[in-house]
Structure formats: structure tokens, C-alpha cells
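Have the model open while you read.

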Amino acid sequence: MASTTRYTTTTFALGHIVTFLALRFMNSLGSVFSFISKDAVGKIQIMENYRIGESSQQYLTLQSMVKYEMENKLVDLVQRSENWDSGCRTILRLHRVLRWLQLFLEKLQIASEDSKTSVLCTEAYNDSLACHHTWIVRKAATVAFYALPTRVAFFEAMNMGTTEEAVAKLGVALPFLSKVFDITEELYKQHNLLDLP
Ligand SMILES: CCCCCCCCCCCCC/C=C/[C@@H](O)[C@H](COP(=O)(O)O)NC(=O)CCCCCCCCCCCCCCC
């Protein structure tokens, strides 16, 4: 499955729409989230530039990107230097965010009415992204999570309808999210790219 499934331009386009909605939502949460969305926007911009650059054909699929950058020694494997913004390391950062999102949405889906989104988000963060972040980023992220709205308001802000509707939508979306995560994880494992600096 992993070797035959491809990221297509359609997938990229859908990704952009979801990202746009997520970032708009984060901006609505106020300036406390802007340091998070700024970093996300910067990384998405790096990938968009590859998609419109002179090697854009090499960036049509995740597999072709890995092949192209590895064969042409365009990835910093040991420490960040001239290839600090390679597609491989940029996607790795976003891939780790996807793991956080997967855990967070799974928790939101099964949470009780009175559970706090800040707690769910912090747990998901500690089990995924936290170990890749510096102490200062971990502290700032944890503080920002306290500003998250309640579960109901969260679903409303994301335009997901009532709690029942939102839970049903998450049930449809989560398997797709897992599939994307698993394909990327497998590809990166094969090429030994999971710890890029
Ligand atoms: C809804 C609440 C959103 C919480 C977002 C949780 C993720 C917390 C990440 C905190 C990142 C802080 C900013 C800086 C991080 C960088 O140090 C770090 C390393 O980068 P470097 O190796 O280039 O130096 N960057 C990263 O790990 C990438 C962070 C990108 C954050 C993207 C967040 C997207 C959030 C999407 C929210 C979607 C909500 C949807 C709900 C249905």
C-alpha cells in the first residue's frame, strides 16, 4: 500500500484548504497562538515555493521529493547548514504536527461533555511533539493551550456542527489522517529520515 499510494496535487490542494481553515481558526484564538501559526505558515510557504519552483515536478509526490532531494544531496542529515529548509526536514516537522493532531482529535472524539480541551491538547502534545521542542517552546505552547475554548465552542468555531455531528465527522476523517501519517512514517523510516536536524 505504502509504495503505491501517492500524494497528488489534489491532496496538496485539500491540505491547503484544511490548513487555511485551521490557521484562520488559530488566528481567531488571538495573539497567544500567533507564534504557533507563524511557524506553521513559514513551513507551508517553504513547501509552496518548491511546488512553484524550477524543480516543481520533483515535488509532485512525497516519494518523488524524497528521491530527488536524497539523490541530489539536498538534505542536511547531521546538522542544519545550507539545506536547512529542505523539503524532507520541513515535511518531517509538519508530519510530527500531524501526529499531535491525530492524538488530539481522537481524544476530542471520545471526551466527555465536561472535559477540558486544554488538558486534552496538552496530553496529546506531551505524547507527540513536546520531545522535539526546546524548553522555551514547550512552556509557551503549554501556556497557549490554556486559552483553548470548550469542546462545544471548539466544534462550533471549526464549523463542525453539533457535538454529535462533530463526533461523526471525526469518525470519518481520522482514518484518512492515520493513513497519511502511516505512509509518511514508513517512507521516512525506510530512508532513515525520522531524526533530521
Ligand atoms: C488548536 C490548537 C493548536 C495547537 C497547536 C499544537 C501544536 C503546538 C506546536 C507549538 C509550536 C511552537 C512554534 C515553534 C516551533 C518550532 O520550534 C518547531 C520546530 O521547528 P524548527 O525545527 O524549524 O526550528 N516547529 C514545529 O514543530 C512545527 C509547528 C507547527 C505548528 C502547526 C500547528 C497547526 C495547528 C493546526 C490546528 C488545527 C486544529 C484543527 C482542529 C480540528
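Start at the ligand: one of its nitrogen atoms has a polar side-chain atom of Asp 39 at 2.8 Å. Bear in mind that this is a predicted model. On the oxygen side, an N or O atom in the side chain of Lys 43 sits 2.8 Å from a ligand oxygen, and a polar side-chain atom of His 133 is 2.7 Å from an oxygen atom of the ligand. Here are those contacts side by side.

| Residue | Ligand atom | Distance |
|---|---|---|
| Asp 39 | nitrogen | 2.8 Å |
| Lys 43 | oxygen | 2.8 Å |
| His 133 | oxygen | 2.7 Å |

Which residues come nearest to the ligand? Out of 23 around it, the answer is Asp 39, Lys 43, Arg 89, Arg 93 and His 133.

Now for the helices. Two packed helices are described by the angle between their axes and the distance between the axes. Take H2 (residues 34–52) and H4 (residues 87–110): their axes come within 10 Å and cross at roughly 140°. Because of that angle, H2 counts as oblique to H4. The H2 and H4 crossing is left-handed. On the H2 side, the contact is made by Lys 43, Ile 46, Met 47 and Tyr 50, while H4 brings Gly 87, Arg 89, Thr 90, Ile 91, Arg 93 and Leu 94. Sorted by class, this contact of H2 with H4 has five nonpolar, two polar and three charged residues.

With H8 (residues 163–190), the axes come within 10 Å and cross at roughly 150°, so H4 is roughly antiparallel to H8. This crossing of H4 and H8 is left-handed. The contact of H4 with H8 divides into 14 nonpolar, seven polar and three charged residues.

Then there's H3 (residues 62–71), whose axis comes within 9 Å of the H4 axis, with a crossing at roughly 140°. That makes H3 oblique to H4. Leu 62, Met 65, Val 66 and Glu 69 of H3 make this contact with Gly 87, Cys 88 and Ile 91 of H4. By class, the H3 and H4 contact holds five nonpolar, one polar and one charged residues.

Definitions and conventions: Residues are numbered from 1 along each chain as its sequence is written. This is a predicted model: local features need pLDDT of at least 70, side-chain atom pairs count only at pLDDT 80 or more; totals for chains, interfaces and linings use all residues. Side-chain values use heavy atoms; hydrogens and water are left out. Axes are lines fitted to C-alpha atoms, for helices over the stretch in contact, and angles run from 0 to 180 degrees between N-to-C directions. Helices (H or I, at least four residues) and strands (E, at least two) are DSSP runs, numbered from the N terminus. Angles under 35 degrees count as roughly parallel, over 145 as roughly antiparallel, 65 to 115 as roughly perpendicular and the rest as oblique. A crossing is left-handed if the near helix is turned anticlockwise from the far one by less than a right angle, and right-handed if clockwise. Contact means heavy atoms within 4.5 Å. Ala, Val, Leu, Ile, Met, Phe, Trp, Tyr, Cys and Pro count as nonpolar, Asp, Glu, Lys and Arg as charged, and the others, Gly among them, as polar. A residue is near a molecule or strand if one of its heavy atoms lies within 4 Å of it. A polar contact is a pair of N or O atoms within 3.5 Å; within protein, one must be able to donate a hydrogen and the other to accept it, and residues adjacent in sequence count only if both atoms are side-chain atoms.
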